[in-house]
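The following exercises are to be worked with the sequence and the model at hand. Each task is followed by a solution in steps.

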Amino acid sequence: MTAIESAPDRRLTVTPLLAPKRQESPLQEFARSAAYSAIQSPIKAIAQPIDRAFGTSLETNTTFINPAQDADFNTTAYWSQQAGHAVGMLGTFWVASKLVRGSMRGALTEEQLATRLGERGLMGLTLKEAAVTGFVHDSLLRPTDSRDTRSFIGSRLGSGINGALTMTALTGAGMGLKGIGLKNDAVNGLISGLGAGFVSAHTDSLLRTGNFASSKDVGKSMVTMSVLGGAFGTYHQIKGQHESGRSNFDWSPGRKSELPEGAREYKVRGGEPALNDALTSIGKGEPATLKVQEHLGPATGLKGWLGFQRYGPEQSLLLQHGPKADGSLAAKVDLVASCELPPSLKTKSVVDSTYIYLRAGQNRISFDVQPQPIRPGERAPTLLSKPGEVSPISKAITELADKYDTDRQFRANNEDLQYHDLPAYAKALRKNKVGYEPVEFIGAGFESVGFLLADGTV
């Protein structure tokens, strides 16, 4: 019997093939890496400890951006990914720095802030704040790598320590470069980031494996931190070019309770442009009006912990340089800042005093019966008094008080001045019209303050 040849099997079969590697342009690689670092990475970092604590699948359920496929080292795609990763981290670093500044500066007085903020790095942080920001960012906002063989807590603590050392290196290097004359913040940040990336790569490797990092990991880290430092530096460089020389003074949660009786602080509606116009007017001896909200102190609850403040309702404020306020204008406003108001306007006075000192920030303004402490570079308080009313000797003592409040080296060299109430001296001399023209401050004893006068006497 002839064998019957069986019909060929025509069923469709599928042969498994390796999926082709996705090809994306450098711009797409950059965008995907930036989006992943800015959005997906912090979500994963927050979801991971929740999943471990409660056995949930939050990390899986909240994953909606896939990371870019690892590109070959030193290719265009590779560097596009590293740059995108660094840019994406800018937002999470900004969030971490806001949390740290709000908590660490919350209990400081204005005087303590003046001392603390004399030197800051590219992110506006002191060395201590930079270290804490790095720890918070890398321990809370960067996910744990599944390839990390350490315990979950050990991995997060190691990441936090590495972040603290990295940010300290970035900030310290930036301060050092600025100290030797490199004033361009963008270039400063790029250079500082290279050193910080070197520190980051080796610290991370030593904490994880006990060995130094490979040259590939060092290069990757240096690029990431250089882009990060350069971006922060560029932001501050641009910001500085579009700001006036006047800086904003900080309000701390404890500041309100420490104000002298009757002193007031306000936020200006309309910001710096409105405040500039008002200051220009009173500088010409003309009245000016502003819309303001009184600063009432720190917010409560979470907002207070984050450093937010509370403000009163919007009010209209009349500013006038001189002892006699314009009655018709004063009748139309809620508040009046002018010296020696008539009895009919006393209820509207921001400060009930013969002398009122005005201190201005970019969008903030305060009034006090004596000059407030200022940080280096801030605008000195303005006395709202009639031009020429301040006698030369009292003006010299007022300036001396300002210098003593703001200059640590000056205080160290003139310890005896701590026994003198210089604002009270100046006020008394103004009242008695003591008009000697001082040439130079000589020094202070326990019961005296000495000036060299124009005729050579002391």
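**Exercise 1. The chain as a whole**

What percentage of the 458 residues of the protein chain count as buried?

*Solution.* The model is predicted. Step one: 43% of the 458 residues count as buried. Step two: the secondary structure comprises 15 helices and nine strands. Step three: the protein chain exposes about 24600 Å², and 56% of this area is supplied by carbon and sulfur atoms. Step four: among contacts with a separation of 6 or more, 63% are made by residues 24 or more positions apart.

**Exercise 2. Gln82**

Determine whether Gln82 is buried or exposed, and identify its contacts outside its sequence neighbourhood.

*Solution.* Step one: Gln82 is located in helix α3, which spans residues 76-104. Step two: the relative accessible area of Gln82 is 6%. Step three: buried means under 20%, and Gln82 is therefore classed as buried. Step four: with neighbours within four places in sequence left aside, Gln82 is in contact with Lys220, Val223 and Thr224.

**Exercise 3. Arg150**

Locate Arg150 and describe its surroundings.

*Solution.* Step one: the loop between α5 (127-140) and α6 (152-179) contains Arg150. Step two: the side chain of Arg150 forms a polar contact of 2.8 Å with that of Asp148. Step three: not counting residues up to four places away in sequence, Arg150 touches Ser155, Gly158, Leu207 and Arg208. Step four: Arg150 and Leu207 are 57 residues apart in sequence, while their C-alpha atoms are 9.7 Å apart in space.

Methods. Residues numbered from 1 in each chain as written. Predicted model: local features only at pLDDT ≥ 70, side-chain atom pairs only at ≥ 80, totals over all residues. Heavy atoms only, no water. Helix = DSSP H or I, 4+ residues; strand = E, 2+ residues; numbered from the N terminus. Buried < 20%, exposed > 50% of the residue type's maximum accessible area, 1.4 Å probe, protein only. Contact = heavy atoms within 4.5 Å. Areas by Shrake-Rupley, 256 points an atom, 1.4 Å probe, with all protein chains shown as cover. Polar contact = N/O pair within 3.5 Å; in protein donor to acceptor, adjacent residues only side chain to side chain.
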